[in-house]
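Visitor: Hi, I'm new here. Could you show me the structure and walk me through it?

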Amino acid sequence: MNHALSIVEISSMICFALCDSKPSLARLAQTNKFFSEPALDALYSSESQVGILLQCLPRDLLEVRKQPFLGLRDELMFLRPFTEREIFRFAFYARRIRSLDISLYIEDAARVLEHLSAACLPQAKFVFPNLRRLSFYDYTSSCRDWCFKINALLSPRLAHLSTHILCPGAAGDDEEQSVEKWISTLPTRCPSLRRIEFGGVRTRQSKLSEVVSQWDVSHIDLRGSVLEASCLEHLGDSTVLRSLTIQDVAISNGLSMPSLRYGHFRELRHLEATLTEEVIFIGPAYPQLERLILTGDPLLSADFLEKARASPLKEVTLSFVNGATTTKYYQSLFFTLSHFKCLERLIIHEFPNHYVTTNLVELSLAELQPLLSLASLSTLDIILAKGKLTLHDKDLFKISQSWPSLVHLTLSSPPAAHPAHLTPSFNGLLHFSRCRNLKTLSIPINPIPTAPNTSTTSEPNASLQSLSLYTLTPVTHLHEVASFIAALFPNISHIGGGTEGGAQVEGWQCVNELLAVVRQ
């Protein structure tokens, strides 16, 4: 064996490169003493089941009892307590686990965890002493039992904790206090924690904000939680907080969030929030904010962007149900977005509101004009739920000229809003040959009355892989269309278009089949 393979760092790199092939790691662990330890470390580094470690224990420790009735799960039963030797053997493997994902949907998993914690904790402080990442979801226990189980898994080296704090039924004050007490003890239990994802938290005394003020947490996810308004104010005081997610957060006292002072969240780089009348940010400039994802009220989202003009935003995602949006709304929104000169990704998704039957939005290049000044834009994704999108061939020329760095482009509205005289022709696709990085393109197109101009010379775009062309009427001249697309986009792997079912989809399926023929 080469001497280099006896170096621990090199053998560890080789083993962790094989993490996706556990059979290979198991064989490698039995090769020789130099590979045994690093191969076992890699083999058990990430687990999704605590019970898998029981395979290293004697068979007389537990048994699986078959259920006589169809549909019932087999029951796992422990026949006796762990011996000291068995605990040592379990710890030999448990110390190797760095990442653990546990979902206690079934009683068996909960019983395994309870037996392991009862057996190992008296012998050692931690069941998994080297655990770095823990994802723990228990939907079967009371708050008290939940705290006991997760405490058995915590490690002083834990850096990333993801869990959902759910108290089934009508949780009383004692139940909520047990969770708040658990949250307040996290800094001492996990001093290395840098990322926390807590769903379903209910706090009345801002325990979460107290935790944040005690140690360096850079990422916090509180989606689906019920919080005091003062909790987010305290979070805003953190000088190390880089990422905050507060989607679907409710304010426990039912009052609107107070105005936040300028300078709050001054180190924040990433924000995901659902803006409602209860959750409103007023005033801060977010001088470091780079990535913004907003859902909820579209008017509040536009107001937020207006107040955050000084932010160096690189990515903006807006998702909302249409109804409050109009053409004037988008004109104002695009004008505000044009001030973020570093913007690279812009995604706007409207979801249909079935109570709104009229098309209130009509977008053309005139409305998109302010966005053309964003030379760094690589992704533009605008999907209208109800509205009209008007584009012509000359508009596609201006788009390709203004955004030469485009990688993904989607401009979509309902097919019924694509009248033939208001959509570009196939020849408009020629302009995208200048976008050398373009990989996906989705736009409406007019498949009639003429076939694409296959005689037009244009340099092929070899980067495009996916093309979606939305049409109101079925595509015609199938062979000419396939030849045109194959010549312009030689590496394209998928062509789609039309609506669900119907002649439009069938036409594009034929074009897909013809692509292989014309390339021969």
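This is a predicted model: local features need pLDDT of at least 70, side-chain atom pairs count only at pLDDT 80 or more; totals for chains, interfaces and linings use all residues.

Visitor: Okay, how many helices and strands does the chain have?

Guide: There are 16 helices and 22 strands. Both are DSSP runs numbered from the N terminus: helices are H or I with at least four residues, strands are E with at least two.

Visitor: Which residues of α12 are buried?

Guide: In α12, residues 327-337, they are T327, Y329, Y330, L333, F334, T336 and L337. Buried means under 20% relative accessible area, exposed over 50%, and partly exposed in between, with a 1.4 Å probe and protein chains only.

Visitor: What do they pack against?

Guide: Those buried α12 residues pack against α11 (298-307), β14 (315-321), β15 (345-351), β16 (362-363), α13 (365-368) and β17 (379-383).

Visitor: And what share of the chain's residues is buried?

Guide: Of the 520 residues, 48% are buried. C435 is one of them, because its relative accessibility is 0%.

Visitor: What about C147, buried or exposed?

Guide: C147 counts as buried, because its relative accessibility is 7%.

Visitor: New topic: how many disulfides are there?

Guide: Zero, from a search of the whole structure. A disulfide here is a pair of cysteine sulfur atoms within 2.5 Å.

Visitor: Last one, where is L18?

Guide: L18 lies in the loop between α1 (8-16) and α2 (22-29). L18 counts as partly exposed, because its relative accessibility is 32%.

Note on methods
Residues are numbered from 1 along each chain as its sequence is written. Side-chain values use heavy atoms; hydrogens and water are left out. Contact means heavy atoms within 4.5 Å.
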